[in-house]
Amino acid sequence: MEIWHWIEETLRHHFELAIFLTLAIGYWVGGLKLGGFSLGSVTGTLLAGVLIGQIGIDISTQIKSIFFIMFLFAVGFGVGPQFVRGIATDGLPQALFAVVVSVMCLLSVYGVALIAGYGPGLSVGLLAGTQTISASIGLATDAMNGLGLTATQIQEELDAIPVAYAVTYLFGTVGTGWIIAFFGPKILGIDLKTECARYEKEMSQGEPEGGIETAWHQYIVRAYHLHKDGFVAGKTVAQAETMFEHELFLENLRRDGEIIDFDDDTVLQVGDIIAVSGRHETLTYWSNHAEEVADKELLKIPTESMDVVITSKHADGETLLELSQLPVARGVFITRIRRGSMGVDIPVLAQTQLHRGDILSVSGSRKHVEALVAELGFADRPTSVTDMVFVGAGIVIGGLIGAIVVPIAGVPITLSTSGGALIAGIVFGWLRSFKPKLGSVPSATLWFMNSVGLNVFIAVVGISAGPTFITGVKDVGIQLFFWGVAATSIPMLLAPLVGKYLFKFDPAINLGCCGGARTSTASVAMVAEAAGSDVPMLGYTVPYAVSNTLLTLWGLVIILMLG
């Protein structure tokens, strides 16, 4: 028992150890799976924090403020490109749909809170749990100080937040998935697999036999011996590559028995053996003027697989079929498209449009891949260096703007520094989608800011609320759970109908839009699994970007509505 007493005292006096212990347990518990379901790191961390907090640990509120503002900047940075595209271009209907659904989620929670007689603390927890938007807790916490309550009353409300969150989060996650994936098709009166198959067929119009991948790889490679003067002997590599109607590439060069390096200014000589890639009809012409030879070593062209981030305005909004007509596309295979901050997979179809910020996975000869990268955007190569000038400046600029207080009807209205950081993240993320040299934020860094930033905040909330948590659950647990079921279900049962009748969404993407508007990646994954297709994901990213921002801000709004 002495060892446990010593551990308790150590955790009380060194709260940083308590935080890291909470994170370790939280991530472990959150990663455990029961069937296909897991609690997730946020809920796992909250429950671990509540458990550890039973011993009574005082932690400075500044700790959670620092990590939360970092988290919100990362959220904004991740959704920025899709958010701006949604409100500024052809994604506007999906963006407006996300606004409507987000407002329904807010009103559902607000209505339940009024009927049940819940105060600000339980209402915020109800919002965060039923809509699975943990980030709203931070903005609500900031807004609590403007309610005119005493310090004791504020603390009581803050302690109620994790109670409501923990009680309602489980159905908020699982229930949303059930409603969208299983009740959604019945609400719409459709066979989801049939609709997705029909949509894929329509989106495949114009594909060559063999699929869109073949349109991106119509070149073949041959080796030729330049055995006489004329033709391309005496010309530079650049001249040889551009002298025909259909572009070709010189891939390798053997001179005097050795494979040598060359560039565009290298002059070809009689006796050279060159590996050439191009269309079949072009190489047939070459066969009439140069001697085709079998040179296995020369034909071993260096290949490369790479992720390309789309930043070019010329590629933005273009279909894969249209882009396949570019000369740089001919020697490249496209294998995958990912979109949005969650990196959801988009179907690779002829009529699939690319947008700035999309990540295209390609493979092919190194020369072709590098040419494609130069045309479409930049290579998303792994890096460990983060531009902290970019990140730090973004958070400070956003925080300063958010700190501005505007009195409206005598009520001080402010985004708070956290809300300002969220908006700054959106702007900075959008700017970098077409100016990649603006600042480097590797995906690993973004994950840390997103996941660890939020979970440190949640850990502090859980530890601080620990001593009163169990009492709170006993007081409101069962009743609160059923109110949570109502607050989760109402907007999700209505959303498919809004998408069908008001926004006229295609049935194949309607439920993807619903899942995105509720920021529920798990539910859209369930829809895609039920459909046997990635087509529903086409409706996910724009609503997700818009709703992730709005639902977070609702933490501030619901305090103002209840105040």
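Which residues does T266 touch, not counting residues up to four places away in sequence? In this predicted model, local features need pLDDT of at least 70 and side-chain atom pairs count only at pLDDT 80 or more, while totals for chains, interfaces and linings use all residues. Residues are numbered from 1 along each chain as its sequence is written, and side-chain values use heavy atoms, with hydrogens and water left out.

With contact defined as heavy atoms within 4.5 Å, T266 touches K235, T236, V237, L253 and R255. T266 lies in the loop between β5 and β6; helices (H or I, at least four residues) and strands (E, at least two) are DSSP runs, numbered from the N terminus. Residues are termed buried under 20% relative accessible area, exposed over 50% and partly exposed in between (1.4 Å probe, protein chains only). T266, at 16% relative accessibility, therefore counts as buried. A polar atom of the T266 side chain lies 3.0 Å from the backbone nitrogen of D263.

An open sheet of five strands, with antiparallel pairing, has the order β5-β4-β6-β3-β7; two strands pair if DSSP finds at least two bridges between them. Because β5 (258-259) and β7 (291-293) each have a single partner strand, they stand at the edges, and one side of each is left without a neighbour in the sheet. Strand β3 (residues 220-225) is joined to β7 by three bridges in the antiparallel sense, and A223 stands opposite V293 in β7. Helix α12 (residues 280-287) packs on this sheet and touches β3, β6 (273-278) and β7. The direction of α12 makes about 10° with that of β3; axes are lines fitted to C-alpha atoms, for helices over the stretch in contact, and angles run from 0 to 180 degrees between N-to-C directions. Helix α14 (residues 366-376) also packs on the sheet, touching β4 (249-255) and β6, and its direction makes about 145° with that of β4.

A further set of pairings involves strand β8 (residues 303-310), which runs antiparallel to strand β11 (residues 359-365) and is joined to β11 by seven bridges. In this pair, V308 stands opposite L360 in β11. Strand β8 also pairs with β12 (residues 377-379) in the antiparallel sense, over three bridges, and here V309 stands opposite F378.

A nonpolar core is a set of buried Ala, Val, Leu, Ile, Met, Phe, Trp, Tyr and Cys residues joined through side-chain atoms within 4.5 Å. The largest such core has 113 residues, and those with the most contacts inside it are F97, V101, I337, L360, L376 and L480. Helix α8 (residues 151-188) supplies the largest share of this core, 13 residues. A second, separate core of 15 residues includes Y224, L226, V232 and L268.

Helix α3 (residues 41-52) has twelve residues and reaches 16 Å from its first C-alpha to its last, close to the expected 16 Å; the expected span is 1.5 Å times one less than the number of residues. Nine of the twelve residues of α3 are buried, so the helix is largely enclosed by the rest of the structure. These buried residues, among them V42, L46 and I52, pack against α2 (15-31), α8 and α17 (443-502).

Methods
A polar contact is a pair of N or O atoms within 3.5 Å; within protein, one must be able to donate a hydrogen and the other to accept it, and residues adjacent in sequence count only if both atoms are side-chain atoms.
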